[in-house]
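Colleague: I would like to learn how to read a model like this one. Could we go through it feature by feature?

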Amino acid sequence: MAKGKTDSLRRKDGAWQPLESNRVDKSRAAQVPDTPQTLSPSYRLAYADPDFLCSEELRPLRLQLELMKVEMALSDRDIRSTVVLFGGARIPAPGQEAWAARNEVQKRNLEAASIYYDEARQFARLCAQWSAEYDHREYVVVTGGGPGVMEAGNRGADDEGAPSVGLNIVLPHEQAPNIYVTPDLAFNFHYFAIRKMHFMMRAKAIAVFPGGFGTLDEFFEAVTLIQTGRMARIPILMFGAEFWRKVINFEALAEFGTIAPEDVELIQFVDTAKEAFDIVKAYYAEEQA
């Protein structure tokens, strides 16, 4: 069908839109002559004024924007479910030096932990192969977008030519997205809380690799949501039983009574990517049937 003179009055989704676009007015406003009045911050369009948008009073709006931007992008890509990988940014790839080590003990431990980089990469690769059966709409790999285990997860998906999501956050000492995140699925956050919501909102499984405070924060957020019934039960896979049992005594919590004995069953310890993947696939076997 030939284009008509009113085609410009339709949005990209086909809806009729006779009102002037805000983008057009933003462009026009940028072209006005410089005068004392037009150079004043008060003259800026409200939605194009970064100082106004970053004001203390607009924090509720900024929270909403961080939630909506990512949600709209994932919906546009028709990403329906995800597999989330948490883990330490400081764990190096095999053969690489532990850049974050502060002493010889840390260097030895972190470089030995490079096995988890390999397992994270392989686990993501298996998930990406499975995701391909659903045209990369289901079981899409999501990480925090940074180095270490996060890089391994995005890298495993990239090995298979699959898209993967990176949810970065602005920190004083880091971090640019790792190079394996799909560019139009690389997001950046100011608010930790909204970032953690996006980790959970489509998650069908969570793989937790050895890590520090950030990994612990993300893990406890997820397991608390499930324990309290605020989130459906999904597989939580703890890679490295020796590490996790040393760091957290789950049985002691149950014995003391601060969690129920059955709460310990919300998590499963695994050592290999195949073991973890088989658990996830079996968990959703009925859905595939």
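This is a predicted model: local features need pLDDT of at least 70, side-chain atom pairs count only at pLDDT 80 or more; totals for chains, interfaces and linings use all residues.

Colleague: What are the helix and strand counts, and what box do the C-alpha atoms fill?

Modeller: The protein chain has 12 helices and seven strands. Along the principal axes, its C-alpha atoms fill a box of roughly 70 × 50 × 45 Å. Among contacts with a separation of 6 or more, 65% are between residues 24 or more positions apart.

Colleague: How many side chains of each charge are there, and how many salt bridges?

Modeller: There are 32 positive and 41 negative side chains, and the centres of the two sets lie 6 Å apart. A salt bridge requires a side-chain nitrogen of Lys or Arg within 4 Å of a carboxyl oxygen of Asp or Glu. On that test the whole structure has 20 salt bridges.

Colleague: Which parts of the chain does the salt bridge between R125 and D159 link?

Modeller: The side chains of R125 and D159 meet at 2.7 Å, N to O. R125 is in helix α5 and D159 in helix α6, 34 residues apart, so the pair links distant parts of the chain. D159 is partly exposed, at 33% relative accessible area.

Colleague: And where do D217 and K196 lie?

Modeller: Their closest N and O atoms are 3.1 Å apart, in a salt bridge. Because D217 lies in helix α8 and K196 in helix α7, the pair ties together parts that are 21 residues apart in sequence. There is also a network: salt bridges that share partners join D78, R80, D135 and R137.

Colleague: Are K196 and D217 buried or partly exposed?

Modeller: The cut-off for buried is under 20% relative accessible area. K196 counts as buried because its value is 13%, whereas D217, at 33%, counts as partly exposed. The salt bridge of R44 and D49, 2.8 Å from N to O, can be read likewise: D49 is buried at 8%, and R44 is partly exposed at 34%.

Colleague: What does a buried charge such as E66 do without a salt bridge?

Modeller: E66, in helix α3, is buried, and the nearest side chain of opposite charge, R62, is 7.6 Å away. The side chain of E66 does reach the backbone nitrogen of H190, at 2.6 Å. Beyond its neighbours within four places in sequence, E66 is in contact with residues including F189, Y191 and H198.

Colleague: Which backbone nitrogen does the side chain of N249 reach?

Modeller: That of E251, at 3.4 Å. N249 sits in the loop between α9 and α10 and is partly exposed, with 46% relative accessibility.

Colleague: What should I look for in phi?

Modeller: Most residues other than glycine have a negative phi. D78 has a positive value, near 60 degrees, and H136 has a positive phi of about 60 degrees. D78 lies in the loop between α3 and β1, while H136 lies in the loop between α5 and β2. D78 is partly exposed at 26%, and H136 is partly exposed at 22%.

Technical notes. Residues are numbered from 1 along each chain as its sequence is written. Side-chain values use heavy atoms; hydrogens and water are left out. Helices (H or I, at least four residues) and strands (E, at least two) are DSSP runs, numbered from the N terminus. Contact means heavy atoms within 4.5 Å. Lys and Arg count as positive and Asp and Glu as negative; His and the chain ends are not counted. The place of a charge is taken as NZ of Lys, CZ of Arg, CG of Asp or CD of Glu. Buried means under 20% relative accessible area, exposed over 50%, partly exposed in between (1.4 Å probe, protein chains only). A polar contact is a pair of N or O atoms within 3.5 Å; within protein, one must be able to donate a hydrogen and the other to accept it, and residues adjacent in sequence count only if both atoms are side-chain atoms.
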